[in-house]
Amino acid sequence: MKGIFLVGLSHHSASIAVREQVALEGEVLKAALAGLRSTQDVQEAMVISTCNRVEVLVLAESAEPARRFFLDRAPDADGHLYEFHGSQAVRHLFRVAASLDSMVVGEQQILGQVKEAYGLASSAATAGSFISRLCNRAFATAKRVRSETDVGRGASSVSQVAVELVEKIFGDLKGRSILLVGAGKMGALSAKALASLGADRVLVTNRSRERAVALADQTGGHARDWSELSKLLIEADVVIVSTGAPHFVITPEIAHATMKARRHRSACYIDLAVPRNVDPRCADLDSVFAYDMDDLQKVVHATRSARAEEAIRAEAIVEAEVMAFFAEREARAALPVLAALRRRAEEIALGEAERTLAQLGGKLDEKGRRSVEAMARAIVNKLLHGPTARLKEAASSGDSTLPGAAAELFGIDGDQPAKGEEPGRSSAAIVALSDKR
Amino acid sequence: MSVTILRIAAGLYAAGAASYILFFARPRHVRASSTGFWLVGLAFLVHAVSIGFGCSEFGGADFFNLRGGFGMLGWVGAGAFLLLQRFYPIPSVGAFILPLVVIAVLPGLFGLGPDAPGVVPSVVRLPALKLHVSTAIGGVALFAIAFGVAVMYLLQEREVKGKHFGALFSRLPSLDALDKLNQRLVRTGFAVYSVALVTGALVAKNAWGSFWTWDPQQVASLVVWLLYGAMVQLRHVGVHGRRYALLTLAGFALVLTSMIAMGAVPNVTRHGGNFQ
């Protein structure tokens, strides 16, 4: 009996030095999938490869092929691998897709990455019906988690907080400019994030001209001379300050003069430097919005603790979906019994009807014949209606004893292939079953 | 009859307001805002029917007192809000405007109007008066919406500046959007109100014999017009944001006090229902 196995390593278990040895992309990944699939006992396979995790999912006799996938590429990965089987593997995949296992819980990229992994496995024909059902359930779980909990809400990094703040002041940044003062690393990151709001221009200035030019290249902006600072401040709507200066670069006097020259159009100062570069008294001016590192960090902490709380609710959703996934599988397992039961009953009923009609000979007209056949079918339907409903119900609630008992009671071998039954009908029955829940 | 229909309309307005407030409190329920929109649209139509019945029952005389004036204000305000949602869809505004509409409609629910159809003076037949009444109410309705938007601006500014990044912060629109919306409403309201002022003078010439008679209503309207006119001008010299929002509040407070004073103090003005 083949089972589902998941072997992988992630930011929880391995350093980037290990992760980068096994991370694959594009064509290489496709080739690796094909390699997995050609392994003797692997029926289906999928590989999720992102910068934070590499995971191999196989429908196989054992986890061995998945383990070998890692050990072939990085012999020292052994101590970092985790391995899940059956419901644990399903739960893990659902948690990953719902971003509950991410480095920043609730980040939204991972779902897209899992979808990509599934797309790749489908196009490489290594994802069969099992992985398809599994992944669709995982995507549905992620969607539920996202819409029913607040696990993805709020800004979870300093630059995201900056973006959110600026959005609440200016809406988008069309027609506005960003000024980056100083060469701090956080500053460049935030400027990049803000530029994505559609700012017309990113201006960069630094005491050293070369650093300014380098930063401008990095952020897609224009380098300006430090001596122009007061003029640049007038132009800029959002100013990100992160210099190494041990004193205030923007004092209330400078801010006041700037605002006057700007005709009091709103300005936002984001001070990412420690020690601070923007005098907090600047915020007392009308239309000036000033924030320092502490303000932004507070929001990040608040978001993280709020997400941690929401994650508890999300875990419950994942648990319910894992159960539902297996219940659906059980229900599918019960279907052959049902089909066989119905087939047997119909065979008997129609056989008896035929015998009766033969005995009556030509005494019945066409209408009468049809009535007898219809009656035989109706008896089968009425008789089997109750058992069918109860079997479906038992199967979907995960109870596999009743289908087994039914098979035994009626003398049916549930696993025998359904001859003459078109596949369309049974899959329609599956849909009806999963809709019922 | 008209009061019964008005009660239905008021119920629908209240349900619409509740939907918008629910949307504001729980932004995840996106459907709440569209439900609110349809409820308010329905209330607007029912309200229109009630106004029609009111005209046939009381001969329109009921709309010349303060109660009727507020009712009309609520109706036009709701209509203006619906138009606004159509062209600048910011559903969170609904949570601030629709309660105002409900309050404006409330006084009408408890009045039964005059016992007999009132005698409507012949002035009412003037085309200028029709334009005067509709533009006056339209202008005030726009100022009322601007008032709501200004309140939203001040709340959001307190959140953004005071670094409270809580529930209000995430639910209210950006300062820039609120400021621009406020400016548009004030500008449009001012234009509409200007028409009301000019046509009002024309009606005064007909009814009272002179364009300008220092009637308290005329003086109050002129002050309101000057204040909003100043706001339109001040925009060009860089007054915006917080100060603009405060001016909007002051302007609407003036509109409201003058409206109530003229309607509640007997015989202070010949304007409106006091035609004797």
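Predicted model: local features only at pLDDT ≥ 70, side-chain atom pairs only at ≥ 80, totals over all residues.
In chain A, strands S2, S3, S1 and S4 form an open sheet of four strands, arranged in the order S2-S3-S1-S4 with antiparallel pairing. Strand S2 (44-49) and strand S4 (82-85) of chain A lie at the edges, each pairing on one side only. From one strand to the next, the twist averages 15°. In general, the strands of a sheet pair through backbone hydrogen bonds, in either a parallel or an antiparallel manner. Within the sheet of chain A, strand S1 (residues 3-10) and strand S3 (residues 53-60) run antiparallel and are joined by eight bridges. Gly8(A) is found opposite Glu55(A) of S3(A).

Two helices of chain A lie across strands of this sheet. Helix H2 (residues 26-38) of chain A lies across S2 and S3 of chain A, at about 150° to S2(A). Helix H6 (residues 129-148) of chain A lies across S1, S2 and S3 of chain A, and runs at about 40° to S2(A).

The secondary structure of chain B consists of nine helices and zero strands, giving the pattern α-α-α-α-α-α-α-α-α along the sequence. Of the 276 residues in chain B, 48% are buried. Among contacts in chain B with a separation of 6 or more, 78% involve residues 24 or more positions apart. The accessible surface of chain B amounts to about 12,800 Å², and carbon and sulfur atoms contribute 70% of this area.

A local view of chain B is provided by Ser92(B), which is located in the loop between helix H3 (66-87) and helix H4 (94-110) of chain B. Ser92(B) has a relative accessibility of 6% and therefore counts as buried, the limit being under 20%. When neighbours within four places in sequence are set aside, Ser92(B) is in contact with Phe23(B), Phe24(B), Met152(B), Arg171(B) and Pro173(B).

Side chains of opposite charge can pair when their charged atoms come close. Over all chains, the count of salt bridges comes to 31. One of these joins the side chains of Arg276(A) and Asp292(A), with an N to O distance of 3.2 Å. Arg276(A) lies in the loop between strand S9 (267-271) and strand S10 (288-292) of chain A, whereas Asp292(A) lies in strand S10 of chain A, so the pair ties together parts that are 16 residues apart in sequence. Arg276(A) is partly exposed, at a relative accessible area of 37%, while Asp292(A) is buried at 12% relative accessibility.

A salt bridge is also formed between Asp279(A) and Arg281(A), whose closest N and O atoms are 2.8 Å apart. Here Asp279(A) is buried, with 4% relative accessibility, and Arg281(A) is exposed, with 53% relative accessibility.

In the salt bridge between Arg370(A) and Glu366(A), the closest N and O atoms are 4.0 Å apart. Both residues, Arg370(A) and Glu366(A), belong to helix H13 (residues 366-396) of chain A, where they are four residues apart, about one turn of the helix. Arg370(A) and Glu366(A) are both exposed. Elsewhere, Arg176(A), Asp237(A), Arg262(A), Arg265(A), Asp176(B) and Lys180(B) are joined into one network by salt bridges that share partners.

How values were computed. Residues numbered from 1 in each chain as written. Chains lettered and ligands numbered in written order. Heavy atoms only, no water. Buried < 20%, exposed > 50% of the residue type's maximum accessible area, 1.4 Å probe, protein only. Contact = heavy atoms within 4.5 Å. Areas by Shrake-Rupley, 256 points an atom, 1.4 Å probe, with all protein chains shown as cover. Pairing = 2+ DSSP bridges. Axes fitted to C-alpha atoms, helices over the stretch in contact; angles between N-to-C directions.
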